[in-house]
Amino acid sequence: MASLATGLRHLTCQRQFLGSHWRRLAASSPRTAGPSRSMSTETTSISTVAEANELADSVRIPFQGVKHARCVPATPSYFTREPKFNDLYIRFSTLLSRHRHLPIVPKHESPQIPWMRLEQIRQHLGEPVKASHFAKVLRLAKRLNQIEPGMAPEEIKEALQGFSRDIDASLNIPRPVTIDKFGRAVGAGRRKEASARAYVVEGTGEVLVNGKPLSEAFGRVHDRESAVWALTATGRMDKYNVWALVEGGGTTGQAEALTLAVAKALVAHEPALKTALRRAGCITRDSRTVERKKPGHLKARKMPAWVKR
């Protein structure tokens, strides 16, 4: 729009210049009486028009003959808050709709790709990408990654390569839990939206959660049993002390996250207990989450009662 305004101002200046030049030539032409005057005026007019046309041809006026014009953005996401990230979403959506008919493999058989994280995407694009928008693009990328590797087009491989981190996923091994110089083993656990970090040290069975006793931290008996289930299932309740920090989620999620954290720290003290803890369900991360509410439903699955009349 700025270039169009500049061109129109330039065109106006050229017209003013040609008009002043025409008046100056007309004023300087000789005026005589009779036939000679009319002939001189006609000759002057012809020469003046020729000079004006020659001058107009010599000066190229931008947007000459254009009546209506508008600026077209370079990308359809120009007016959005996240244009680069929105272009990435449109690209993945287009690829998925174009190659949806291709066969796919199970998730555990798809190529292992270290996906970029939210903070890395924000730094790479320089845009305040929302976590919910990033999750949508990540789901599209994982769906494209499930396409049979031998039948995946090159455009899909290039798009996924730009959305991955430049590391070797096979070298990314879990860091073992060790015991520090104070005799503590630190374990971390997650459940739903809750996260827990447990410090397990040999002691007499004292348990503190966020600086509170177990009975004050969790009001329900079931949550208290879940928090120390790793110690109860292995018969080590009176042998270790636990000091835990929990945050996020609800009381049930925090208690079950604490179960995994205590189990990991307990394995550092006694590796032979890993089989018993796995049999008790303390080692495996529970990935189940609450199913989202659907449009038109009262909850995730519940629908309004159908009334015929």
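Two strands are taken to pair if DSSP finds at least two bridges between them. Helices (H or I, at least four residues) and strands (E, at least two) are DSSP runs, numbered from the N terminus. The structure is a predicted model, in which local features need pLDDT of at least 70 and side-chain atom pairs count only at pLDDT 80 or more, whereas totals for chains, interfaces and linings use all residues. Residues are numbered from 1 along each chain as its sequence is written, and side-chain values use heavy atoms, with hydrogens and water left out.

**Overall composition**

- The chain holds eleven helices and five strands.
- Of its 309 residues, 30% are buried; buried means under 20% relative accessible area, exposed means over 50%, and partly exposed lies in between (1.4 Å probe, protein chains only).
- A contact requires heavy atoms within 4.5 Å. Among contacts in the chain between residues at least 6 apart in sequence, 70% join residues at least 24 apart.
- The chain exposes about 21300 Å², of which carbon and sulfur atoms supply 55%; accessible areas come from the Shrake-Rupley method with a 1.4 Å probe, and for residues only the protein chains shown count as cover.

**The sheet**

- The five strands form an open sheet with mixed pairing, in the order β1-β2-β5-β3-β4.
- Strands β1 (185–191) and β4 (212–213) stand at the edges with a single partner strand each, so one side of each is left without a neighbour in the sheet.
- Strands β1 and β2 run antiparallel and are joined by seven bridges; A185 has V200 in β2 as its bridge partner.
- Strand β2 (residues 194–202) also pairs with β5 (residues 240–247), in the antiparallel sense and over eight bridges. In this pairing S195 stands opposite E247 of β5.
- The pairing of β3 (residues 207–209) with β5 is parallel and spans three bridges, with V207 opposite V242 of β5.
- In general, strands of a sheet pair through backbone hydrogen bonds, either parallel or antiparallel.
- Helix α10 packs on the sheet and touches β1, β2, β3 and β5. The direction of α10 makes about 150° with that of β1; axes are lines fitted to C-alpha atoms, for helices over the stretch in contact, and angles run from 0 to 180 degrees between N-to-C directions.

**Nonpolar cores**

- A nonpolar core is a set of buried Ala, Val, Leu, Ile, Met, Phe, Trp, Tyr and Cys residues joined through side-chain atoms within 4.5 Å.
- The largest such core has 30 residues, and those with the most contacts inside it are V209, L214, F218, V242, L258, V262 and L277.
- At least two residues of this core come from each of β2, β3, α9 (229–234), β5 and α10 (251–269). Helix α10 supplies the largest share, ten residues.
- With residues up to four places away in sequence not counted, V209 touches L214, A217, F218, A244, V246 and L258.
- A second, separate core has 24 residues, including L88, F92, I147 and A152.

**Buried polar residues**

- N241 is located in strand β5 and is buried, with a relative accessible area of 17%.
- A polar atom of the N241 side chain lies 2.8 Å from the backbone nitrogen of T204. A polar contact is a pair of N or O atoms within 3.5 Å; within protein, one must be able to donate a hydrogen and the other to accept it, and residues adjacent in sequence count only if both atoms are side-chain atoms.
- Leaving aside residues up to four places away in sequence, N241 touches Y199, V200, V201, E202, G203, T204, G205 and E206.
- S164 lies in the loop between α6 (154–162) and β1, and counts as buried at 12% relative accessibility.
- The S164 side chain reaches the backbone oxygen of Q161 at 2.9 Å. Not counting residues up to four places away in sequence, S164 touches I113, P114, W115 and M116.

**Positive phi angles in loops**

- K192 lies in the loop between β1 and β2; its phi is near 55°, a positive value in a residue other than glycine. K192 is partly exposed, with a relative accessible area of 40%.
- N210 is found in the loop between β3 and β4, and its phi is likewise near 55°, a positive value in a residue other than glycine. The relative accessible area of N210 is 38%, which is partly exposed.
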